[in-house]
Amino acid sequence: MHHVAIIVYPGFELLDASGPASVFNVANRALGQRGLSPFYNVGMFSPHPGPVRSSSGVSIEAQSLAGLQPAEAQTLLIAGAEGEHLEPALSDPTLMDEIPRLVAGAERFGSVCSGGFFLAALGLIDGRRVATHWDATGPLAKLFPNVSVDPEALYVVDGRLWTSGGVTCGIDMVLAMVANDLNSTIAVEIAQRLVLDARRPGYQSQFSPVLQAQLRANGRFADLIDWIRANLHEPLDVRSLAARANLSDRSFHRKFVEATGTTPAKFVEKLRLNEARLLLSRSVPLKSVAAKVGLSPPSRFADAFERRFGIAPGLFRDMHSDP
């Protein structure tokens, strides 16, 4: 059995702890349905054992961090919190004394969301590449210049170190852990059971281009953007999009740029290539990917993909697809 210890403290973000715990629990259920024994044993630990109140007001029962043995923390994760709760936790001597001891004995360790501040403050991730919530990337990089902060990644794996971006990114990271520990089939089953749209790879950005565009568009083109996302295989030139928006070509182009900050062509290509990257990670053949995202023939798709990501789509698939 693999022991997982999740560290919490007063004011922690509930989903940072409950999300990963749920993934490990569903993995055990999936194993049970195969007639196999549970693999994960998950515990919550705190410098103050007993009920620990999260920022949402929900409390969880935590065990004593001081009594936690390294063998009980093969995977060690630290939950994040907002600044007003994070700062006092960073000053808790018990918490800060225990983390290095447990990290030293862990098979892997890391953080969810802003939990990386604990590791950075203790000098445990100097020279390492990490992820954190997009809103915390600037402060983390400024306070700890020896840490390489990836401003967009959902999660980052650097040897034993696993760090994730904001809140739900912790679920993506732990799904990757399960795929690594068990197999990708079980990880996909877990995603289905948790009603997730898809397993998201770590390189995917925290910044959804659709959400960003919808926020900037302020509702003007929100429905059109949803339609574009669902119809990437269709011809999506300015004329067809303008007709769907009931505008002239020139008026549509001008208003779309004003609303989203980018041209229709660039926006569509970005969506197409992001979707292509996800399909490639699922081992979809190149010809099928090109057709699904509206970039046929494959040579056109390959040129666009390599221009954007600096790598040939075939090589990308070999590097990132599940075995």
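Let me start with Pro297, which lies in the loop between α13 (286-292) and α14, and which is joined to Ser296 by a cis peptide bond with omega at about 0°. Before I go further, please keep in mind that this is a predicted model, in which local features need pLDDT of at least 70 and side-chain atom pairs count only at pLDDT 80 or more, whereas totals for chains, interfaces and linings use all residues. Residues are numbered from 1 along each chain as its sequence is written, and side-chain values use heavy atoms, with hydrogens and water left out.

When I say helix or strand, I am speaking of DSSP runs numbered from the N terminus, where helices are H or I with at least four residues and strands are E with at least two.

Two other loops deserve a moment, and here the topic is the backbone angle phi. Cys113, in the loop between β6 (108-111) and α4 (116-121), has a phi near 60°, which is a positive value in a residue other than glycine. Asn246, in the loop between α10 (238-244) and α11, likewise is not a glycine and has a positive phi of about 60°. Are these two residues buried or exposed? Cys113 is buried, with a relative accessible area of 8%, while Asn246 counts as exposed at 69%. The cut-offs are that buried means under 20% relative accessible area, exposed means over 50%, and partly exposed is in between, using a 1.4 Å probe and protein chains only.

Leu241 is buried, with a relative accessible area of 1%. If we leave aside its neighbours within four places in sequence, Leu241 is in contact with Leu224, Trp227, Ile228, Leu236, Phe252, Pro264 and Val268, where contact means heavy atoms within 4.5 Å. Leu241 and Asp223 are 18 residues apart in sequence, and their C-alpha atoms are 12 Å apart in space.

Now to the charged pairs. Side chains of opposite charge can pair when their charged atoms come close. The rule used here calls it a salt bridge when a side-chain nitrogen of Lys or Arg is within 4 Å of a carboxyl oxygen of Asp or Glu. How many salt bridges does this rule give? The count comes to eight, and I will take you through a few of them.

In one of them, the side chains of Arg101 and Glu98 meet at 2.6 Å, N to O. Arg101 and Glu98 are three residues apart in helix α3 (residues 93-105), so about one helical turn separates them. Arg101 counts as partly exposed at 31% relative accessibility, whereas Glu98 is buried at 14%.

In another, Arg254 and Glu258 meet at 3.5 Å, N to O. Because Arg254 and Glu258 are four residues apart in helix α11 (residues 249-260), they too are separated by about one helical turn. Arg254 is partly exposed at 42%, and Glu258 is exposed at 52%.

Then there is the salt bridge of Arg129 with Asp150, whose closest N and O atoms are 2.8 Å apart. This pair links distant parts of the chain, since Arg129 is in strand β7 (residues 129-131) and Asp150 is in strand β8 (residues 148-150), 21 residues apart. Arg129 is partly exposed at 40%, but Asp150 is buried at 17%.

Finally, let me turn to helix packing. Axes are lines fitted to C-alpha atoms, for helices over the stretch in contact, and angles run from 0 to 180 degrees between N-to-C directions.

Helix α12 (residues 264-281) packs against helix α14 (residues 298-309) at an angle of about 95°, with their axes 11 Å apart. That makes α12 roughly perpendicular to α14, a term that covers angles of 65 to 115 degrees, while under 35 counts as roughly parallel, over 145 as roughly antiparallel and the rest as oblique. The residues of this contact divide into seven nonpolar, one polar and seven charged. Here Ala, Val, Leu, Ile, Met, Phe, Trp, Tyr, Cys and Pro count as nonpolar, Asp, Glu, Lys and Arg as charged, and the others, Gly among them, as polar.

Helix α6 (residues 169-181) and helix α7 (residues 184-193) pack at about 150°, with their axes 7 Å apart. Leu175, Val178 and Ala179 in α6 meet Ser184, Ile186, Ala187, Ile190 and Ala191 in α7, and by class this contact has seven nonpolar, one polar and no charged residues.
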